[in-house]
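Dear colleague,

I am handing over the structure below, and my notes on it follow. Please read them with the model open beside you.

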Amino acid sequence: MLVEGLSDQAAVEALAGRRGRDLAAEGVRVVPIGGAQAIARELERFGPRGLDVALAGLCDAGEEHDFRRGLERAGLGPQSGRADLEARGFFVCVADLEDELIRAVGVDTVEEVVEAQGELRAFRTLQKQPAQRGRTTEAQLRRFFGSGSGRKIRYARLLVETLDPARVPQPLDLLLARI
């Protein structure tokens, strides 16, 4: 399973665990590729010209084109749109996985999670910054998660653990159903 980064890996593994799945025991490996620009290299490594293993993945909407082009170049058929990506087991998050999780969990609950981590004051400070004024709370939370070392990874796991099982973001749900 190819995902863009470590926070995506943390979210996938946390949701699998919540669902009672042991991905390693199932022979599934979640591979953070270090950003969408690396997808072509990883598809060469794991795809039909490389190890030829079953593949699935997750990407952000802004990187959908990179993933489609990478799949085509790796010999995995034409990728003219999102339906082709999904048919190959690759699913697209609206903005990114953090955005999907914030919407699914809800801003109030996300802020409760931030408070439980002792970081609500730091978040409120970020909200007061001129660049953040006028932005939605969801956008501010995404910025906050990306602004601290390891924060994005930690909150990906925490938000999945807080998530109502009936509100799992569709790309994440489809990805786990695929494997």
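This is a predicted model, in which local features need pLDDT of at least 70 and side-chain atom pairs count only at pLDDT 80 or more, while totals for chains, interfaces and linings use all residues. Residues are numbered from 1 along each chain as its sequence is written, and side-chain values use heavy atoms, with hydrogens and water left out.

In strand β3 (residues 57-60), the bridge partner of Val3 is Leu58; strands here are DSSP runs of E with at least two residues, helices are runs of H or I with at least four, and both are numbered from the N terminus. Val3 belongs to strand β1 (residues 2-3), which pairs with β3 in the parallel sense over two bridges, where pairing requires that DSSP finds at least two bridges between the strands.

On the β4 side (residues 90-93), β3 pairs in the parallel sense over four bridges, with Gly57 opposite Phe90 and Asp60 opposite Cys93.

Together, four strands form an open, parallel sheet in the order β2-β1-β3-β4, and its edge strands, β2 (31-32) and β4, each pair on one side only. Helix α3 (residues 64-73) packs on this sheet and touches β3 and β4, its direction making about 140° with that of β3; contact means heavy atoms within 4.5 Å, and the angle, on a scale from 0 to 180 degrees, is taken between N-to-C directions of lines fitted to C-alpha atoms, for helices over the stretch in contact.

Both faces of β3 are covered, as Gly57 and Cys59 on one side and Leu58 and Asp60 on the other are all buried, meaning under 20% relative accessible area (1.4 Å probe, protein chains only).

With kind regards

Notes:
Buried means under 20% relative accessible area, exposed over 50%, partly exposed in between (1.4 Å probe, protein chains only).
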